[in-house]
Amino acid sequence: MARPLRLEFASALYHITSRGDRREAIYEDDQDRMLFLDILGEVVERLGWRLHAYCLMGNHYHLMVETPRANLAAGMRQLNGVFTQSTNRRHGRVGHLFQGRYKAILVERDAYLLELSRYIVLNPVRAGMVARLAEWPWSSYRATAGLDSIPPWLTVDWLLDAFSANRSTARASYAAFVGDAAGTGSVWADLKSQVFLGSDAFVADMKERIEDAGQDKEIPRRQWLPEAKSLTEIAAAAETRDEAIRIAHASGRYTLREIGEHFGLHYSRVSRIARKRGP
């Protein structure tokens, strides 16, 4: 199991997802969802996080979290761990609830916080769980749009201030912004190395932080490497099959088995070709 991102620093902004074990449901009923939000609120307040958006789905959840202090891992251990223990007790279960570790993506605030906040709360509509956002009570949308009271652990000021200094105008503009998502491009179009959502300059800055902190070993190798061409593109550009295999292997983005499946070879044969030099 690949390790999750462990780059932590003051005021980092993350998109976080965590899924149920074997992709099974993590909430059995609304009481479970209320329990999760209670624990989330405690974590946010205890660790000093800023929670800008959230959405509880069936077998996973989304959070957009800013960490004024470098304490993401500690908070996630508490959130998933305490919820697992609590819901297991409630339902008379034992064992894991979540599938491995959470996934965290570092986000460039000024360029993506608004778009990502829209993506997060739209999940129930995209999944066909409700027809309108206002019908889903388990996200930050209703509170941010002024349809519900704002819990003390949810930060809405940054999002709303981006629309207007007048709170009523800001809420209406936010609701229109979220509802006008049809036809917009994917928020993940600029996702790089499965870790960074932002511009090239942002990615360069993040990688420099990783190197300075000596944390590069904490990021899965396949995520740290530069983006690679697909195996189909590599094969089309190479003069021979064996050259394509060596290029694909050298990229570090593909396993021997993946390369073998693409070219119709056993992985042991791929290994021999990859080690061979020359034509």
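User: Where is Ser193 in this structure?
Analyst: This is a predicted model. In it, Ser193 sits in the loop between strand 5 (191-192) and strand 6 (196-197).

User: Is Ser193 buried or exposed?
Analyst: Ser193 is buried: its relative accessible area is 3%, and the cut-off for buried is under 20%.

User: What is its phi, roughly?
Analyst: Phi of Ser193 is positive, about 55°, although Ser193 is not a glycine. Arg23 also has a positive phi, near 60°, and is a residue other than glycine.

User: Where does Arg23 lie, then?
Analyst: Arg23 is in the loop between strand 1 and helix 1 (30-47).

User: And is Arg23 buried or exposed?
Analyst: Arg23 counts as exposed, because its relative accessibility is 52% and exposed means over 50%.

User: Let me step back. How many helices and strands does the chain have?
Analyst: There are 13 helices and 6 strands in the chain. The chain has 279 residues, and 47% of them count as buried.

User: What share of the contacts comes from residues 24 or more positions apart?
Analyst: Such residues account for 69% of the contacts in the chain, taking contacts with a separation of 6 or more.

User: In what order do the strands sit in the sheet?
Analyst: The 6 strands form an open sheet, and the order is 2-3-1-4-6-5, with mixed pairing. Strand 2 and strand 5 are the edge strands, as each of them pairs on one side only.

User: Which helices pack on the sheet?
Analyst: Helix 1 is one of them; helix 1 touches strand 2 and strand 3, and its direction makes about 165° with that of strand 2. Helix 3 (residues 109-121) also packs on the sheet. Helix 3 touches strand 1, strand 2, strand 3, strand 4 (103-107) and strand 6, and its direction makes about 155° with that of strand 3.

User: How do strand 2 and strand 3 pair?
Analyst: They pair in the antiparallel sense over 6 bridges, with strand 3 spanning residues 60-67. The two strands form a hairpin, and 3 residues lie between them. In this pairing, Ala53 stands opposite Met64 in strand 3.

User: What about strand 1 and strand 3, how many bridges join them?
Analyst: 8 bridges join strand 1 to strand 3, and the two strands run antiparallel. Ala12 has Thr67 in strand 3 as its bridge partner, and Ile16 is opposite Leu63 in strand 3.

User: Over how many bridges does strand 1 pair with strand 4?
Analyst: Strand 1 and strand 4 pair over 4 bridges, in the antiparallel sense. There, His15 stands opposite Ile105 in strand 4.

User: How many residues of strand 1 are buried?
Analyst: 7 of the 8 residues of strand 1 are buried, so the strand is largely enclosed by the rest of the structure.

User: Pick Thr17. Where is its place?
Analyst: Thr17 belongs to strand 1 (residues 12-19). Thr17 counts as buried because its relative accessibility is 14%.

User: What is Thr17 in contact with?
Analyst: Setting aside neighbours within four places in sequence, Thr17 contacts Tyr61, His62, Tyr102 and Lys103.

User: New topic: where does Arg69 lie?
Analyst: Arg69 is in the loop between strand 3 and helix 2 (72-91). At 46% relative accessibility, Arg69 counts as partly exposed.

User: Which residues does Arg69 touch?
Analyst: Not counting residues up to four places away in sequence, Arg69 touches Phe9, Ala10, Arg46, Leu47 and Gly48. Arg69 and Ala10 are 59 residues apart along the chain, while their C-alpha atoms are separated by 4.5 Å.

Notes
Residues numbered from 1 in each chain as written. Predicted model: local features only at pLDDT ≥ 70, side-chain atom pairs only at ≥ 80, totals over all residues. Heavy atoms only, no water. Pairing = 2+ DSSP bridges. Buried < 20%, exposed > 50% of the residue type's maximum accessible area, 1.4 Å probe, protein only. Contact = heavy atoms within 4.5 Å. Axes fitted to C-alpha atoms, helices over the stretch in contact; angles between N-to-C directions.
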